[in-house]
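Please keep the sequence and the three-dimensional view at hand while reading.

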Amino acid sequence: MKKILLTGLAVGFCMISFTQEVEKADKKPTRLKLVKGGEPAPSTRTKEIETQTPQQELKKCEKKLIALKKKEDYIRGNAAELKIANENGWFVDAEKTRAILNKRIAELKLELKK
């Protein structure tokens, strides 16, 4: 009888210690990696514009106009995209962008004629 009782107690202690170890393993703290955020990246755009020649900037503006026209044609050809673009006001923004580009192209052409 003593052997059965001792064996039962030994098994019980083993089970208790095993369940405690599992609980401890689950509660380990996770390691977090800190990521810097909210810091603006250094801007190199102003340097790029300063080093461009008027001819290079004119070509870029013309390419942007062509790309804008292609995108507009694609959107008008796709009903789902057209609906989304109208809801988001894409065409209004595109007209503003087109006006800015056309104005800049005119300025650059005058500058190149001088």
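A residue is called buried when its relative accessible area is under 20%, exposed when that area is over 50%, and partly exposed in between. The model is predicted, and the points below begin with the overall architecture before turning to particular residues.

**Overall architecture**

- The protein contains 5 helices and 0 strands, and its pattern along the sequence reads α-α-α-α-α.
- Of the contacts between residues at least 6 apart in sequence, 60% join residues at least 24 apart.
- The accessible surface amounts to about 10500 Å², and carbon and sulfur atoms account for 61% of that surface.

**Confidence of the prediction**

- The average pLDDT of the protein is 81, and 69% of the residues score at least 70.
- Where is confidence lowest, and where is it highest? The lowest mean, 62, belongs to helix α2 (residues 45–51), whereas the highest, 94, belongs to α3.

**Helix α5 and its cover**

- Helix α5 comprises residues 90–113, which is 24 residues in total.
- From its first C-alpha to its last, α5 reaches 34 Å, close to the 34 Å expected at 1.5 Å a residue.
- The buried residues of α5 are Trp90, Phe91, Ala94, Arg98, Leu101, Ile105 and Leu108.
- An α-helix has 3.6 residues a turn, so residues three or four places apart point the same way.
- The cover over the buried residues of α5 includes α3 (54–77) and α4 (79–88).

**Arg98 and Glu72**

- Arg98 is located in helix α5, while Glu72 is located in helix α3.
- Why does Arg98 count as buried? Its relative accessible area is 17%, and the cut-off for a buried residue is under 20%.
- Glu72 is likewise buried, because its relative accessible area is 9%.
- The side chains of Arg98 and Glu72 make a polar contact at 2.6 Å.
- Apart from residues up to four places away in sequence, Arg98 touches Leu65, Leu68 and Glu72.
- Arg98 and Cys61 are 37 residues apart along the chain, and their C-alpha atoms are separated by 9.7 Å.

**Trp90 and Phe91**

- How many aromatic pairs does a search of the whole structure find? The search finds 1 aromatic pair.
- This pair is formed by Trp90 and Phe91, and it is edge-to-face because the ring planes stand at 85°, with the ring centres 5.2 Å apart.
- Trp90 counts as buried because its relative accessibility is 18%.
- Phe91 counts as buried because its relative accessibility is 13%.

**Glu57**

- Glu57 is another residue of helix α3.
- Is Glu57 buried or exposed? Glu57 counts as buried, because its relative accessibility is 15%.
- Neighbours within four places in sequence aside, Glu57 is in contact with Gln52, Arg104 and Leu108.
- One of these partners, Leu108, is also among the buried residues of α5.

Technical notes: Residues numbered from 1 in each chain as written. Predicted model: local features only at pLDDT ≥ 70, side-chain atom pairs only at ≥ 80, totals over all residues. Heavy atoms only, no water. Helix = DSSP H or I, 4+ residues; strand = E, 2+ residues; numbered from the N terminus. Buried < 20%, exposed > 50% of the residue type's maximum accessible area, 1.4 Å probe, protein only. Contact = heavy atoms within 4.5 Å. Polar contact = N/O pair within 3.5 Å; in protein donor to acceptor, adjacent residues only side chain to side chain. Expected span 1.5 Å × (residues − 1). Areas by Shrake-Rupley, 256 points an atom, 1.4 Å probe, with all protein chains shown as cover. Phe/Tyr/Trp six-rings, centres within 6.5 Å; stacked < 30°, edge-to-face > 60°. pLDDT = per-residue confidence, 0-100.
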